[in-house]
Amino acid sequence: MGGLPLLVGVTGGIGSGKSTVCSMLREMGCELFEADRVARELQVEDGEVISGIKALFGGAVYSLDLSGELSIDRKAIAAVVFSDPEKLAALNRLIHPKVRKAFQQEVLRCAREGKAVLCKEAAILFESGMASELDRIIVVAANHGLRIERAVARGLGSPEEVRRRMKAQWPQERLIERAHYVIFNDGTLDELRAQVRQVWQSLMSLVSSP
């Protein structure tokens with residue numbers, strides 16, 4: 001096994017555009033672990049997580065879709081957790097240890113295959129305690145109103161629902177204070193890509209330095 005890859009966290013509030021930034025980083029050669037996607041998969045594939053969610057929110061949040069696959073009513077759960085901090089904390093305690101284990105397995109895979117950089121995309125990187133395990137943190141930031149507009153366009157709820165989600169996350173200013181790199185996503189895709197390329201070059205210089 002080779003050395004461990006450089007572990008980089010990518011986070012940002014709802015509507016900031018962190019997924020777009022991560023797609024660009026992957027195009028540039030970064031390995032990507034999508035913590036939020038893994039968490040969503042656990043909610044319909046892991047028996048222990050499914051049982052825990054039913055205990056927290058009731059069995060009605062699950063149903064079978066037309067193809068017979070188990071599906072979960074994420075909007076119903078979001079409506080509860082983003083106005084009930086205790087339920088949100090309980091849900092996180094159920095899922096985060098399993099996400100952390102999956103990430104550790106991905107770190108080992110990257111080490112075996114000699115990958116230089118592994119980015120972990122996570123909406124609540126600091127809140128979950130995951131940031132302490134990483135070498136560098138990238139925060140994607142954007143204008144407050146623009147973030148609401150983007151989140152509504154993605155079907156994440158009404159402007160008021162999006163604001164509730166924002167209140168459940170760390171303020172953007174607090175994220176920026178703890179970042180090694182801040183990428184501002186208020187302009188064009190070309191402007192965003194130029195910032196991402198600059199950060200990627202900085203990461204690669206860290207990897208190549210003795």
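The structure contains zero disulfides, a disulfide being a pair of cysteine sulfur atoms within 2.5 Å. Cysteine 22 takes part in no disulfide, and its nearest cysteine sulfur, that of cysteine 119, lies 6.1 Å away. Cysteine 110 is likewise in no disulfide, the nearest cysteine sulfur being that of cysteine 30 at 8.5 Å. Cysteine 22 counts as buried at 1% relative accessibility, and cysteine 110 is buried with a relative accessible area of 0%. Here buried means under 20% relative accessible area, exposed over 50% and partly exposed in between, with a 1.4 Å probe and protein chains only.

This is a predicted model, in which local features need pLDDT of at least 70 and side-chain atom pairs count only at pLDDT 80 or more, whereas totals for chains, interfaces and linings use all residues. Residues are numbered from 1 along each chain as its sequence is written, and side-chain values use heavy atoms, with hydrogens and water left out.

Helices are DSSP runs (H or I, at least four residues), numbered from the N terminus. In H2 (residues 35-45), Leu42, Gln43, Val44 and Glu45 meet Gly47, Val49, Ile50 and Ile53 of H3, where contact means heavy atoms within 4.5 Å. The residues of this contact divide into five nonpolar, two polar and one charged.

In helix H6 (residues 144-153), the buried residues are Arg147, Ile148 and Ala151. Seen down the axis of H6, these buried residues fall within an arc of 100°, so they line one face of the helix; the arc is that of the directions from the helix axis to the C-beta atoms. The buried residues of H6 pack against helix H7 (159-168) and helix H8 (172-177), while the face turned away from the buried side carries the exposed residues Glu149 and Ala153.

Technical notes
Helix = DSSP H or I, 4+ residues; strand = E, 2+ residues; numbered from the N terminus. Nonpolar A, V, L, I, M, F, W, Y, C, P; charged D, E, K, R; others polar.
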